[in-house]
Amino acid sequence: MIADGVEDEEKWLAAGITGLQQNAFYMHRALDSNNLRDALKYSAQMLSELRTSKLSPHKYYELYMRSFDELRKLEMFFKEEARRGCSIVELYELVQHAGNILPRLYLLCTVGSVYIKSKEAPAKDVLKDLVEMCRGIQHPVRGLFLRSYLSQVSRDKLPDIGSEFEGDADTVIDAVDFVLQNFTEMNKLWVRMQHQGPAREKEKREKERSELRDLVGKNLHVLSQIEGVDLDLYRDTVLPRVLEQVVNCKDEIAQFYLMDCIIQVFPDEYHLQTLEILLGACPQLQPSVDIKTVLSRLMERLSNYAASSTDVLPEFLQVEAFSKLNNAIGKVIEAQVDMPIFGAVTLYSSLLTFTLHVHPDRLDYADQVLGACVKKLSGHGKLEDSRSTKQIVALLSAPLEKYNDIVTALKLSNYPRVMEYLDTETNKVMATVIIQSIMKNNTRIPTADKVDSLFELMEGLIKDLDETHEEVDEDDFNEEQNSVARLIQMLSNDDPEEMYKIICNVRKHIMTGGQRRLPFTVPPLVFSALKLVRRLQAPDENPFGDETSTTPKKIFQLLNQTIESLSAVPSPELALRLYLQCAEAANDCDLEPVAYEFFTQAYILYEEEVSDSRAQVTALHLIIGTLQRMHVFGVENRDTLTHKATGYSAKLLKKPDQCRAVYGCAHLFWVDDQDNLKDGERVLICLKRALRIANAAQQMSNAARGSTGSVTLFVEILNKYLYFFEKGNTHITVAAIQSLIELIMTEMQSESSTPDPATDAFLASTKRYIQFQKQKGGSIGEKYEPVKV
């Protein structure tokens with residue numbers, strides 16, 4: 001059925017175009033021969049094609065545009081006739097004899113245009129006559145296009161100030177009256193379309209009306225272009241009459257479109273000075289009108305106007321723009337009881353953006369808007385509608401974008417109250433936006449109280465807000481927690497006391513985060529605290545202050561309790577690393593008991609929690625590396641810890657791992673910058689033990705695989721021998737090095753050895769190093785001279 005209708009319409013359009021072109025041909029022939037009567041006859045027949053009711057607005061427009069082009073040619077002919085002495089008044093009378101009213105009025109408008117141009121009669125009289133005559137067409141589509149033609153041919157002939165058609169003192173009023181009258185009649189025709197035809201075609205009619213709306217809106221554009229329409233005339237005449245028509249038409253589509261037109265076509269300063277009149281019309285519109293979009297666009301225009309220059313801001317204060325907009329929005333929301341939350345939040349979001357542009361220094365205004373939003377949201381619980389939550393995020397993001405400072409946003413008492421209405425996912429989104437703002441602007445959160453408020457805002461990222469524990473994407477979760485970790489690293493304060501309070505407040509919040517979050521949030525907190533410890537070590541700080549002051553010892557106690565929480569996760573490897581970091585910091589503070597306690601905790605974790613063999617190897621090397629750098633321990637404590645470390649080394653599962661850990665322990669007995677820690681004999685014992693383990697590893701490999709495998713371990717041990725030999729360990733002799741080199745060469749040449757290019761390269765590099773040291777000369781050269789490679 002629809003397809004048939006479209007085909008029929010195409011046929012009717014084709015027939016109309018054919019008839020139009022045929023009559024246009026005869027009209028042109030008459031024009032060429034200066035035959036006025038035939039020209040009028042054929043032009044009237046041509047225009048009769050526009051009397052059809054069978055075409056949709058879209059197709060009718062095609063026919064109208066072809067007629068319009070022909071009428072322009074006819075108008076040129078009329079001008080020539082007038083120039084040749086033909087009376088325009090008689091011509092004006094003559095065209096009124098056309099048989100049908102529609103062609104008659106098109107011809108009348110065309111001649112009227114020339115009539116005004118000739119100035120034989122005042123423009124206002126001709127225009128008034130034309131606009132009254134056009135009432136003869138009451139068919140909506142035909143009437144709209146006719147009046148659109150009238151508007152088109154008359155727009156450059158209005159009796160405006162400075163125009164060649166300017167008349168007496170009230171000339172602008174006449175121009176305004178003409179445009180307003182044409183606008184009013186067009187709007188009536190446009191609205192009437194809605195009520196013609198069966199109810200089932202309502203959607204089709206609305207689509208057709210949408211296609212025709214610009215014909216009506218152009219009148220308002222013409223009004224805005226009239227030079228004589230100053231602020232007084234706009235306020236006293238133009239706006240009230242336009243709004244009267246908008247309100248009285250009681251049509252949802254017309255009211256929305258025309259209100260939007262008013263906002264878009266007239267100047268910003270006019271809107272500002274007539275704000276009360278414009279806003280007064282809003283509650284009178286139909287309840288179904290999308291008033292939120294209208295008001296949002298108005299506020300957007302005013303916001304951009306305010307942002308364009310600081311010189312205009314006093315005007316906003318003078319007219320009390322914020323107060324008027326705030327009251328209007330309140331009335332609209334109150335009047336439209338069924339307005340969805342999304343609509344109300346959109347209005348408040350636009351009002352807040354306006355407020356931040358116009359009154360950036362008035363935080364109380366911004367807080368007032370947020371408070372009104374909270375009032376509207378109260379009783380609705382968490383918002384589920386995604387459109388509403390997006391608008392809330394936009395609302396809460398506006399202060400961040402304006403001030404580039406979360407600290408300023410935290411001064412708004414209603415800011416956190418609005419966030420309470422966000423669902424868990426959107427709460428996370430908003431928290432992430434806040435963190436990104438802090439990162440981007442490198443914002444400094446100055447006090448512990450502000451940090452407390454900030455972390456309360458971000459609780460969606462810091463802890464589970466509901467009990468459902470839905471499956472969360474692992475990558476998203478990791479990214480969220482990494483952003484929290486980055487934030488913790490950014491918190492700082494020059495005052496140690498305040499910084500300690502900040503650390504305590506952050507700890508209070510992150511400890512509620514549950515097992516999944518602690519591995520992300522505890523490390524940055526620990527390092528932030530260690531940074532404070534190192535500041536307290538400075539010469540002007542007293543690390544042993546009075547009981548109430550912040551001391552390293554006090555911070556270490558807090559750290560011990562904090563790291564302990566990771567054991568519940570469980571995350572023993574991470575906890576062990578953090579204990580070792582703390583031990584090193586305690587070492588720098590010369591706090592032996594504290595450092596020993598951290599090492600003890602690390603050892604307990606190693607023994608009881610670290611069971612994976614690879615994790616054990618990594619942990620043990622970390623322990624050995626950290627212990628080697630410690631200078632705070634007395635002989636007894638150091639021996640205890642060193643003995644434990646060497647014991648752990650011998651108990652590793654794989655022989656190669658044992659070997660490497662044992663020769664690593666050799667460094668525990670020889671520390672360059674500490675003369676009391678240079679025990680060459682024990683170094684040699686460790687290296688010999690490593691050698692025995694390497695030998696045992698080869699034998700096991702031979703027994704299991706039939707080959708001794710690589711000699712990499714021997715080459716590694718050789719490098720350790722050379723290191724301690726260079727450092728002056730008298731127990732490492734040339735003979736020992738020589739015998740080890742020979743052992744390696746023998747092993748590599750044996751038939752059971754497995755070729756290994758990496759080991760060959762390693763050995764070759766070691767040999768080159770020995771040769772290089774020989775060539776150095778001096779004491780080093782003398783040392784290496786006896787070594788044969």
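Q: Happy to start here! What percentage of the 789 residues in the chain do buried residues make up?
A: A residue is called buried under 20% relative accessible area, exposed over 50%, and partly exposed in between, with a 1.4 Å probe and protein chains only. In this chain, buried residues make up 51% of the 789 residues. Keep in mind that this is a predicted model, where local features need pLDDT of at least 70, side-chain atom pairs count only at pLDDT 80 or more, and totals for chains, interfaces and linings use all residues. Residues are numbered from 1 along each chain as its sequence is written, and side-chain values use heavy atoms, with hydrogens and water left out.

Q: How many helices and strands does the chain have?
A: Both are DSSP runs numbered from the N terminus: helices are H or I with at least four residues, strands are E with at least two. Here you will find 38 helices and zero strands. The radius of gyration, taken over C-alpha atoms, can be set against a globule rule of 2.2 Å times the number of residues to the power 0.38. The chain has a value of 45 Å, well over the 28 Å given by that rule for 789 residues, so the chain is more spread out than a compact globule. Its C-alpha trace spans about 135 × 70 × 55 Å along the principal axes.

Q: How can I read contacts, and which residues does Leu 356 touch?
A: Contact means heavy atoms within 4.5 Å. Across the chain, 71% of the contacts with a separation of 6 or more are between residues 24 or more positions apart. Leu 356 sits in helix α17 (residues 341-358) and is buried at 4% relative accessibility. Setting aside neighbours within four places in sequence, Leu 356 is in contact with Ala 366, Ala 398, Pro 399, Lys 402 and Tyr 403. Leu 356 and Ala 398 are 42 residues apart in sequence, with their C-alpha atoms 8.0 Å apart in space.

Q: Where is Asn 326 placed, and what does Asn 326 touch?
A: Look in helix α16 (residues 321-335) for Asn 326. Asn 326 counts as buried at 16% relative accessibility. Not counting residues up to four places away in sequence, Asn 326 touches Leu 351 and Gln 368.

Q: Which loop holds Thr 733?
A: Thr 733 lies between α35 (712-726) and α36 (734-749). With a relative accessible area of 36%, Thr 733 is partly exposed. From C-alpha to C-alpha, Thr 733 and Ser 296 are 88 Å apart in space, and 437 residues separate them in sequence.

Q: What describes a pair of aromatic rings?
A: The distance of the centres and the angle of the planes describe such a pair. Rings of Phe, Tyr and Trp (its six-membered ring) pair if their centres lie within 6.5 Å; planes under 30 degrees apart count as stacked, over 60 as edge-to-face, and the rest as tilted. By this rule the count is 27 aromatic pairs. One of them joins Phe 599 and Phe 633 edge-to-face, at 6.0 Å centre to centre with 70 degrees between the planes. Phe 599 lies in helix α30 (residues 592-608) and Phe 633 in the loop between α31 (613-629) and α32 (635-650), so the pair ties together parts 34 residues apart in sequence. Phe 599 is buried at 0% relative accessibility, and Phe 633 is buried at 10%.

Q: Which residues form one aromatic cluster?
A: Look for Tyr 60, Tyr 61, Tyr 64, Phe 68, Tyr 106, Phe 145 and Tyr 149.
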